[in-house]
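Dear colleague,

I am handing over the structure below, and my notes on its backbone and on one helix pair follow it. Please read them alongside the coordinates.

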Amino acid sequence: MKKIELLAPARDALIGIAAINNGADAVYIGASAFGARKEAGNRLEDIETLVEYAHRFYSKVYVTLNTILYDAELKMAEQLVRKLYEIGVDALIIQDMGLLQLDLPPISLHASTQMHNYELEKIKFLDRLGFQRIVLARELSLKQIETIRKEVKAELEVFIHGALCVSLSGQCYLSQYMFGRSANRGECAQACRMKWTVKDKSDQVLVRDKYVLSLKDLNMSAYIDDLIRIGVDSFKIEGRLKDANYVSNVTNHYNSLINNQLKINNKIGRLSSGEVISDFTADPERSFNRGFTTYFAQGRQKELVNRESPKSMGKLLGRVKKVYKNELWLITAEELHNGDGLCYIGEEGLEGIRVNRVEGEKIICNEILRLMPGTLIYRNYDHQFAMQVEKSKTVRKIGVEIQIRAKDGRVELFAEDEDKVAVEFKPDQHFERAQQTQQRERIEQQLKKCGDTDFVCRSVHYEGEEVLFMPVGVINEFRRVLLIKLAQAREVRRPVVRMNPLDRQVPYLPYIPWQANVVNKEAEAFYREHGAVGIEAGFELTEAMEGRILMHTRYCLLYELGYCRKQFPVQTLNFPLYLCNDKYRYRLEFDCKECFMKILSSGKS
C-alpha cells in the first residue's frame with residue numbers, strides 16, 4: 001500500500017504539535033540557523049520536544065537547512081546536523097550542495113525547492129544522486145508533475161497551499177540587489193509585495209503604483225485527488241511564519257480532504273497513525289489569505305495577482321447595501337459577529353473596518369464609513385472562528401483494541417493498535433469469582449477509558465467462562481501498564497528512514513552558472529566531482545550586479561495585462577518594458593517561446 005504524507009509548517013514546537021493534532025503526517029521546522037525563514041529559528045531542546053511528540057504518532061519532523069552557506073559556516077552547519085541527528089530528526093531539507101561534501105551522519109536528505117527543481121534533467125540528476133525526496137517547484141503543472149513521476153524514483157513533494165514566490169525558487173536576487181538581503185540566505189525583503197509602476201520605452205505608464213508582482217495564495221484543494229492519482233508522496237502546506245490558528249485550520253482542512261480520498265481508494269494509506277477528533281469545521285478562507293489561485297496546475301491563467309493589496313483579504317462576504325454614519329448593511333449570506341475585521345478596496349488600497357456590534361442586519365462599526373453601495377466587503381478576521389480554533393480541544397488518538405482473558409482466577413491482557421503493534425500483560429494477582437453478572441460489563445467499560453493518553457479504545461473483549469471480581473483501581477492500573485507497554489512497543493516498531501550513500505559517479509553539467517548559487521569551496525568541489533570544469537560564483541559573492549537576471553518567473557506581466565504576444569502578435573507596446581519605483585528601474589525581458597519573464601538589473605531611476 002502506498003503511504004502518503006500531509007506535511008505542515010511549524011514556526012515553533014507548539015505550532016508543530018498543533019499541526020500533528022490536526023492531522024499532519026510530518027512537520028517541517030527551522031533550527032537555530034541556516035533556514036530559509038531566518039525569523040523562524042528554534043532551539044535544539046524545542047525541536048527535540050516536537051520530535052518526541054511527533055514520533056508517538058509515527059509522524060516525522062524535518063528541519064530546514066535550506067540556505068546557501070559561506071565557507072566559514074560549513075563547520076557549524078556540520079555540527080548542527082550531527083546534533084539534529086542525535087535528537088531524532090527524521091530528515092533535513094537542504095539547498096547547498098556543499099553540505100554533501102561534509103562528514104554527515106546517515107540522516108535522510110530532501111532536495112529543497114530552493115535548488116530550483118523545475119527542469120526534468122535537474123530533477124533526474126538529484127534522483128540518481130540519491131536524494132530520498134525532491135521538493136518540486138510550485139510552477140509545475142499537473143501534467144509536468146505526472147511526467148516527472150514517471151521518470152524518477154525519489155519521493156516527490158508538492159506544495160498545495162500557502163504563499164507563492166513570484167520568482168522560481170532559488171532564482172530571486174531582487175532582495176539582495178535592492179537591500180543586501182539575500183533570499184537564498186533566508187533574509188528576503190519581499191520586494192515582490194511592493195508597489196510597482198510598469199512603463200514602456202518612452203516612459204508611457206501601463207500600470208501605476210500597483211502590486212503587480214504580489215501573487216495570490218495557492219489553494220490546491222480541488223486537485224488533491226489528481227495529485228494522489230499521479231503518485232505524489234508528500235502534500236506540503238507553506239507557512240513557517242504563520243500562527244497556530246492558521247496552521248491548525250489549514251492542516252485540518254487538508255487532512256479531511258485526504259482522508260475522504262482514502263475512503264474511496266483502498267490502495268493508499270497515511271504515513272502516520274491516529275484519528276483527528278476535532279471540534280471545529282476547517283475553512284481556509286477564514287484564515288490569512290490574499291485570495292486563492294491554483295497557479296499553473298492546469299496551465300497559464302490570468303488574475304494571479306491582487307494588484308490592490310498584498311495583505312490578507314480573507315473571505316468575500318458580499319456587497320454594501322446601505323451606509324449611514326458608522327452603520328453598515330450588507331447583502332450577504334454570512335453571519336457576522338462582534339469583533340470581526342472587515343476590509344474593502346478603497347482609494348488608498350486595502351482599508352479596514354472593525355465591527356463593534358451586530359444588531360440583526362445592522363453592523364455598527366468603529367468609525368464613520370465612506371463606502372458606496374455595491375462595494376465588495378471581505379472579512380479578514382473572523383473573531384468567532386478564531387476563538388473557536390484557539391480554544392479548540394482537537395486531539396489525535398491512536399485506535400486500539402483490548403482483550404482480557406480470565407482463567408483459574410487469573411487474567412491476561414492483550415492490546416493491539418491500528419498499526420498491528422501488539423503487547424500483552426500477565427499480572428500475578430489472583431481474583432475471586434464475581435457475584436454479580438454485570439461485573440463483566442464493568443470491566444470492559446473501565447478498560448475502555450483511555451483518558452488523556454494517546455490512545456482511544458475501539459473495543460474490549462472479555463474472554464472466559466468465569467467472571468472475576470476486580471476492583472476499579474486494579475483495572476485502571478492494568479490498563480495503564482498495558483498502554484505504557486504499547487507505547488514502548490510502538491517506539492521499537494517505529495519506521496526509521498536513513499540516507500543511503502550518495503552516488504559520486506553521476507555526471508552533471510560541464511559548466512555551472514552563477515544561478516546555481518555556489519558560494520563555498522565545498523559546493524565547488526561537489527560540482528567538479530560530478531564533471532564540472534567551469535563554475536561561476538554565486539550572486540552574493542559578486543560585485544558585478546548590473547545586467548543580471550534578478551528574477552526569473554513563469555508569471556508574465558504581458559499575459560496578466562492582456563498583451564500576450566502569442567495571443568496578440570501585433571503589438572502597440574513600445575518595448576522594452578520597465579518595472580519602476582521611486583528608486584529603481586528594471587528592464588523586463590519576455591521569453592515568449594518558453595513563456596518566461598525575466599527582471600534584469602538596469603540601474604536606478
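Please keep in mind that this is a predicted model. I begin with Pro 576, which is placed in the loop between helix H13 (557-560) and strand E28 (577-580). The peptide bond that leads from Phe 575 to Pro 576 is cis, and its omega is near 5°.

Tyr 58, with a phi of about 60°, is found in the loop between helix H2 (44-56) and strand E3 (60-65). Tyr 58 counts as buried because its relative accessibility is 8%, where the cut-off for buried is under 20%. His 116, with a positive phi of about 65° although it is not a glycine, belongs to the loop between strand E5 (108-111) and helix H4 (120-129). At 13% relative accessibility, His 116 counts as buried.

The helix pair is H1 (residues 13-21) with H8 (residues 244-264), whose axes come within 8 Å and cross at roughly 20°. Since angles under 35 degrees count as roughly parallel, H1 is therefore roughly parallel to H8, and the crossing of the two helices is right-handed. On the H1 side the contact involves Ile 15, Ala 18 and Ala 19, which meet Ala 244, Val 247, Ser 248 and Thr 251 of H8. The residues of this contact comprise 5 nonpolar and 2 polar ones, with no charged residue.

Key. Residues are numbered from 1 along each chain as its sequence is written. This is a predicted model: local features need pLDDT of at least 70, side-chain atom pairs count only at pLDDT 80 or more; totals for chains, interfaces and linings use all residues. Side-chain values use heavy atoms; hydrogens and water are left out. Axes are lines fitted to C-alpha atoms, for helices over the stretch in contact, and angles run from 0 to 180 degrees between N-to-C directions. Helices (H or I, at least four residues) and strands (E, at least two) are DSSP runs, numbered from the N terminus. Angles under 35 degrees count as roughly parallel, over 145 as roughly antiparallel, 65 to 115 as roughly perpendicular and the rest as oblique. A crossing is left-handed if the near helix is turned anticlockwise from the far one by less than a right angle, and right-handed if clockwise. Contact means heavy atoms within 4.5 Å. Ala, Val, Leu, Ile, Met, Phe, Trp, Tyr, Cys and Pro count as nonpolar, Asp, Glu, Lys and Arg as charged, and the others, Gly among them, as polar. Buried means under 20% relative accessible area, exposed over 50%, partly exposed in between (1.4 Å probe, protein chains only).
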